Amino acid sequence: MQIYNSLSHKKEDFIPHEAGKVSMYTCGPTVYHYAHIGNLRSYIMEDILEKYLRFTGLDVKRVMNITDVGHLTSDGDTGDDKMLKGAKREHKTVMEIAKFYTDAFFSDCAKLNIKTPDVVVPATTYIDEFIKVIKSLEEKGYAYFAGGNVYFDTSKLDNYYVFGDFNEEDLEVGVREGVEADDNKRNKADFALWFTKSKFDDQELKWDSPWGVGYPGWHIECSCISMKNLGEYLDIHCGGIDNAFPHHTNEIAQSEAYLGHSWCNYWFHVHHLNTTSGKMSKSKGEFLTVSLLEEKGYDPLIYRFFCLQSHYRKSLVFSWENLDNAKTTFNKLIAKIAPIAAEPSGDIDKAEYDRLMQSFNDAMGNDINTAQSITCLYDVLKSKASNATKLALIGEFDKVLGLDLIKKAQESNSSDESDVPAEVMELVEKRKEARKAKDFALADQIRDQITALGYEVRETRQGTEINKI
Ligand code: AMP
Ligand code: ZN
């Protein structure tokens with residue numbers, strides 16, 4: 001299997017440290033607001049990666065943090081505290097906010113068939129671990145105390161900008177936005193490991209430490225939570241592309257300084273979901289959530305399907321029109337699977353099974369090419385193999401794709417015509433008339449409208465059959 005590694009900027013064979021096992025770390029959400037569907041694009045694609053690694057027989061242990069302290073509104077050390085801002089907005093305590101949005105996050109993940117990682121750690125439960133690592137960095141000469149805070153000294157590293165895509169100028173962003181530069185820092189790139197001098201006197205969450213009462217910086221949490229649960233050698237670390245700098249760059253700096261050797265071999269970055277006006281972002285305030293999709297009548301799995309139609313290393317533009325197209329395609333796909341699920345007859349055709357399985361593995365093993373894997377699904381449907389063969393393959397592919405393909409097809413087979421909404425029935429009648437008038441182009445157009453509403457219409461010897469998809 002090959003994966004693109006942001007460290008080397010190329011596709012590489014994926015070889016875990018320990019044969020048969022994979023240690024995987026994912027940056028979790030900052031729980032001061034609902035996750036938007038951009039955040040969830042990252043989690044969907046990481047979920048696919050995890051599922052595919054398991055599919056190939058690897059034993060994956062996946063760990064994720066929950067950022068409930070320390071993340072400021074800039075990804076550097078400037079701006080307000082995101083958690084505190086959320087608490088003020090909703091007149092709640094920081095911990096109430098964290099609990100509420102952590103639950104909301106996992107509920108959204110469940111709707112999108114995103115598996116919960118094996119270990120989930122809220123940053124506030126690991127304070128002792130952060131202090132231990134920061135103390136060690138100080139003893140090793142990688143950290144210094146200045147103006148009440150502890151900073152990581154990036155000048156001690158030969159190569160701080162490990163990903164090679166970023167430079168000193170990227171650090172100026174916060175300053176350009178009118179945020180004061182931090183004079184305590186010896187070097188521009190240095191970052192806070194522990195704060196005691198906060199600009200926020202009302203910071204609710206503070207802990208005792210060797211440097212005084214304070215709270216951790218954002219970056220240290222991921223290094224510590226990963227090392228504590230996955231050991232000194234991490235196979236693969238995931239996150240959205242915006243996390244590569246400074247967050248992941250800082251994670252690497254402090255983990256390798258602490259361990260004295262290289263830490264993580266593969267970096268998997270998911271590119272952004274954009275709207276027509278730019279990156280979807282929580283801090284901009286206006287963003288789309290899973291609940292909003294549901295309110296507008298979209299099954300959350302339509303959004304998962306929409307994400308799978310494009311490669312994770314390309315930015316993806318969200319529009320309602322694009323989502324509608326995904327909905328129509330998905331519903332048509334389910335409509336094609338329905339008769340196979342209704343009658344999975346015949347023997348398994350081993351040669352055809354192996355051929356189609358191989359093409360799925362070729363797609364997914366080529367840097368998680370999900371769009372190609374969906375093409376493989378259509379190849380199964382087009383194949384001359386028995387229904388039993390097709391259904392077995394669809395079931396296997398769906399272990400990775402997570403689209404509930406067979407369940408939805410079965411539901412569509414068992415739905416009752418009396419439940420069909422009037423709007424759909426009206427279209428069915430119009431379609432009958434179009435067919436009678438031999439206007440097949442119109443009939444097909446109406447069928448697409450019916451499909452978009454989540455119904456499938458089929459002509460059988462017994463008459464017109466209408467099923468929910
Ligand atoms: P946050 O909750 O802000 O810490 O972000 C959670 C995850 O979502 C991180 O891995 C981010 O890199 C990722 N992310 C943020 N915005 C987007 C976006 N528009 N598209 C895809 N991923 C994103
Ligand atoms: Zn992280």
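The lining of the largest cavity in this predicted model divides into 7 nonpolar, 1 polar and 2 charged residues, where Ala, Val, Leu, Ile, Met, Phe, Trp, Tyr, Cys and Pro count as nonpolar, Asp, Glu, Lys and Arg as charged, and the others, Gly among them, as polar. Local features need pLDDT of at least 70 and side-chain atom pairs count only at pLDDT 80 or more, while totals for chains, interfaces and linings use all residues. Residues are numbered from 1 along each chain as its sequence is written, chains are lettered from A and ligands numbered from 1 in the order in which they are written, and side-chain values use heavy atoms, with hydrogens and water left out.

**Cavities**
- The structure holds 2 cavities of 30 Å³ or more, a cavity being a set of points on a 1 Å grid over the protein atoms alone where a 1.4 Å probe fits but cannot get out.
- The largest cavity has a volume of about 50 Å³, the volume being the space filled by probe spheres set on the points, which are joined across faces, edges and corners.
- Its lining residues, which have an atom within 4 Å of a point, are Tyr43, Arg62, Met64, Phe105, Phe106, Cys109, Ile114, Lys115, Thr116 and Pro117.
- Strand S4 (59–66) and helix H3 (94–111) each supply at least two residues of this lining, and the largest share, 3 residues, comes from H3; helices (H or I, at least four residues) and strands (E, at least two) are DSSP runs, numbered from the N terminus.

- Cys27, in the loop between strand S3 (21–26) and helix H1 (37–55), and Cys222, in helix H6 (residues 219–230), link distant parts of the chain, 195 residues apart.
- Both Cys27 and Cys222 are buried, a term that means under 20% relative accessible area (1.4 Å probe, protein chains only).

**Chain layout**
- The domain assignment, which is automatic or from a database, gives domain 1 (14–270), domain 2 (298–409) and domain 3 (417–468).
- The centres of domain 1 and domain 3, taken over C-alpha atoms, are separated by 52 Å.
- Leu377 is found in helix H12 (residues 370–382), and Leu377 counts as buried because its relative accessibility is 0%.

How values were computed:
1 Å grid on protein atoms, 1.4 Å probe; cavity = no way out; pocket = protein on both sides within 12 Å on 5 of 7 lines; lining within 4 Å. Buried < 20%, exposed > 50% of the residue type's maximum accessible area, 1.4 Å probe, protein only.
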